[in-house]
Amino acid sequence: MKYIKSVHRHGSETFLLIVKDKKSLETKNIIKSSTSENGINSIKSEADGIDWYNILSKNKISYIFEKKMKNYYRIKINANKGFYNIIFNPNYLNVKKYLDLTISHYIKIWKDYKGHEFAPFHGDISLIGNVMFNKADEVLFVDWEHFDNNFKVPTGLDIIMLLLENLFHDYNRTKKMSDNVINHVAISIKTLNAAKLLSPLLFKNPIMSTFNFINLNRDIWNKQYSKLPILKFTKKNIEQIDDTILKIL
Amino acid sequence: MSIVKKYLESIYGKSVNDIFLSGREGYWHNLSKSENNEFFKILEKKGCRDAVKSFMPKFEEMIFSPKREAALELFEHDNSGVCIDYGSMWGVLSAGMAKRGHQVISVDQTHDSLKFLKSRSLEEGLDNIYLVQEDLREIKFKNIADYAIINGVLEWIPEKSEVIAAEYQKKPNSKINLYKKNILKDPREMQVEFLKKVYQSLKQGGQLLLAIENKLSYSYILGRPDPHVNLKFTTFLPRFVSNIISRIFRKKDYRTYVYSFSELKNLLREAGFNNIEDYCCFPMYHFPSLVLPNTKQGISQYVAYKDKNIVTWKQKLGLRYLEIFLMKYLKARNFSPAIIMIAKK
């Protein structure tokens, strides 16, 4: 069974098709295609990201370019058997385990960038769709269309953005900053720092530094820039989170 | 010389200004003839996109957005082939197929549309689009195409008068339908005849993409007007009732027939197609966001999507949330807004 799941979603300029087994409904392939310049660049980035990831990850992602033409690219990615997405849960503490697993996986994959100011950037490490898990608690990073290995992106930015996304969903749900949640964010950043995967550019006031970096480098996110959760926090929120992190760091 | 060009020359003779002429012309356009004349004066000075932006900005997305190409992804594009885009208009799907490496024959009855598509192809560096001005009801292609596209066109096949889209919905501008009724065949019969010709134009194994409104769309049942004639309930009422309504309010016969899933499948079968896949399209085939197989498993993949045309709370309650309820929870796929079918010869 083949269907079109999304069309230029979040300004991605790609078509996303899913191929599933008719009976079990298990995903077999993910197909991305585009005829626009931006979309074709996203597909190229996807392949570059997967190639980079496959060198270091135990679980490899396989893909083929079905079409590689001047005005049209189509990539077919095979789904990794046994890996699943968790269901969206706005309660931060309910997804804490998955955040921890994701951070550990990041530390493993990015190990060659310890102590580096800049590192390759996934661009959308999100528990909603782009991080997959299996029964053995192994992690797989998918959806590499924002991958960037040329732009100078501070090491650890992917993880700070992941934490902020989940913090935002929790804040949106409760309308307050829970101490337990902020503590977990702070401990996670401490873990990243201990693994030497927090860029010195983000060490002082990590959240405000992230906020400033994103604002100065909007082009990285293109049309998705305005949807980034960190931009929805007030300056007061950001200072509050940074203060807690500083106490723990 | 390409095989396609040779083939077209064998039917129409030499092209005139790169457009093959059948001698049978008509007019179906969003602009009036005088508006089109003005537009072409601007087009001479500016590029296609700039001309559209300055003269008819509301159509920019309709004409250029690659989002409109989504349904083309349902085709297997394994090999480059020949595609016939029936009723190509401004050519968004013709350009889409050309970008995918196919030789495209864009057929339209309106010379102005083809003139625009010629400028567009030149600008976009697409030298694999061939333009044919022809009455779609009179096409004579045989076993030439690997792909055929009928996107928002089938319903207009029975309408022989000139159509300026916005005026057609308001004024009784096509009295021909009422007074010369005896010379026009039954709309369904005309549609089947056209589909038979499309079938003949395909090679064995060729694929047809057909996109059209679903007459049973929940939005029409709720009272959203039929987009072709701007009359409520005419899509799904018995045809003779729709005809009476149209004669009263539009002073013409109701001829722009749309269908339900099963009726459309029957139409295609009558035309000779037997391998048919049908898809539920959301929110509409012009700008698809979600295209699901019309099966139990297919509709179970329904997810809410963003529709920029739904802004007010009334629209959200009446359309978005209702659609989510109908599709996600009731799996009422036969009431989806639009139908896309891939039929193989």
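Visitor: In which sense do strand S3 and strand S5 of chain A pair, and over how many bridges?

Guide: Two strands pair if DSSP finds at least two bridges between them. Strands are DSSP runs of E (at least two residues) and helices runs of H or I (at least four), numbered from the N terminus. Here S3 (residues 27-34) and S5 (residues 73-78) of chain A pair antiparallel, over six bridges. Lys32(A) has Ile75(A) of S5(A) as its bridge partner.

Visitor: What am I looking at, and how is it numbered?

Guide: This is a predicted model, where local features need pLDDT of at least 70, side-chain atom pairs count only at pLDDT 80 or more, and totals for chains, interfaces and linings use all residues. Residues are numbered from 1 along each chain as its sequence is written, while chains are lettered from A and ligands numbered from 1 in the order in which they are written.

Visitor: Which scores does the model carry?

Guide: ipTM is 0.91 and pTM is 0.91. pLDDT is the predictor's confidence in each residue, from 0 to 100. Chain B has a mean pLDDT of 91, with 94% of its residues at 70 or more. Where pLDDT is low, the predicted coordinates should not be read in detail.

Visitor: What does S4(A) form with S5(A)?

Guide: A hairpin, with four residues between the two strands. S4(A) (residues 63-68) runs antiparallel to S5(A), joined by five bridges. Phe65(A) stands opposite Ile75(A).

Visitor: How many residues of domain 1 of chain A are in contact with domain 2 of chain A?

Guide: Contact means C-beta atoms, placed from the backbone, within 7 Å. By that rule, 18 residues of domain 1 touch 16 of domain 2 in chain A. The domain 1 side has six nonpolar, 10 polar and two charged residues. Nonpolar covers Ala, Val, Leu, Ile, Met, Phe, Trp, Tyr, Cys and Pro; charged covers Asp, Glu, Lys and Arg; the others, Gly among them, are polar. An automatic or database assignment sets the domain bounds: 2-78 for domain 1 and 92-248 for domain 2 of chain A.

Visitor: And where does chain A touch chain B?

Guide: 18 residues of chain A contact 19 of chain B. On the chain A side, S1 (2-7) and S2 (15-20) are the elements that give two or more residues. S1(A) gives the largest share, five residues.

Methods:
Two residues are in contact if their C-beta atoms, placed from the backbone, lie within 7 Å.
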